Amino acid sequence: MDYTYEQLHGMTVAELRDVAAGIEHDSVQGATQMNKEHLLPAICTSLGIEAHAHHEVVGIDKSALKAKIGELKGARDSALESGDSAAAKLARRRIHRIKRKIRKATV
């Protein structure tokens, strides 16, 4: 049976050991003695599954927002060099708001 990372991550240690018992691979040798944090990456390696969850940004243009953050970082740096702390603070707050927007849109 084909598994996804999310399916494997949701399984108990006993279920993961049952899955590992049906796999003939060097990485799952001694699976009966492994705990979940060692067993999960070993199974993922043996099945060729990426051992981490992927997050996608939905509903916004992430690349445009990242470009805007880059511009704001430049503005922040120039404000700091000129000694304008109010402009630097404003740029930092805008960067923070954009980053929060990206995090909220991440699924």
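Here is a short tour of the model, one selection at a time.

Before you click, note that this is a predicted model, where local features need pLDDT of at least 70, side-chain atom pairs count only at pLDDT 80 or more, and totals for chains, interfaces and linings use all residues. Residues are numbered from 1 along each chain as its sequence is written, and side-chain values use heavy atoms, with hydrogens and water left out.

**Stop one: the core.** Select Leu8, Leu16, Ala20, Val28, Leu39, Leu40 and Ile43, which have the most contacts inside the largest nonpolar core, a set of 15 residues. (A nonpolar core means buried Ala, Val, Leu, Ile, Met, Phe, Trp, Tyr and Cys residues joined through side-chain atoms within 4.5 Å; buried is under 20% relative accessible area, exposed over 50%, partly exposed in between, with a 1.4 Å probe and protein chains only.) Helix 1 (5-10), helix 2 (13-21) and helix 3 (36-47) each supply at least two residues of this core, and helix 3 gives the most, with five. Helices here are DSSP runs (H or I, at least four residues), numbered from the N terminus.

Now centre on Ile43. Leaving out residues up to four places away in sequence, Ile43 touches Leu8, Leu16, Val19, Ala20, Ile23 and Val28 (contact: heavy atoms within 4.5 Å).

**Stop two: helix 2.** Colour Leu16, Val19 and Ala20, the buried residues here. They sit on the same side of helix 2, because they cover an arc of only 100° around the axis, taken from the directions from the helix axis to the C-beta atoms. Helix 1 and helix 3 are among what covers them.

**Stop three: helix 4.** Select residues 62-82: the end C-alpha atoms are 30 Å apart, in agreement with the 30 Å that 21 residues should span (1.5 Å times one less than the number of residues). Leu65, Ile69, Leu72 and Ala79 are buried, and they fall within an arc of 85° seen down the axis, so they line one face. Their cover includes helix 5 (85-105). On the face turned away, look for exposed Ser63, Glu71, Glu81 and Ser82. Just past the end of helix 4, Gly83 has a positive phi of about 85°.

**Last stop: the salt bridge.** The count is one, given a side-chain nitrogen of Lys or Arg within 4 Å of a carboxyl oxygen of Asp or Glu. Show Arg76 and Asp77, whose side chains meet at 3.3 Å, N to O. Asp77 is partly exposed at 36% relative accessible area, and Arg76 is partly exposed too, at 22%.
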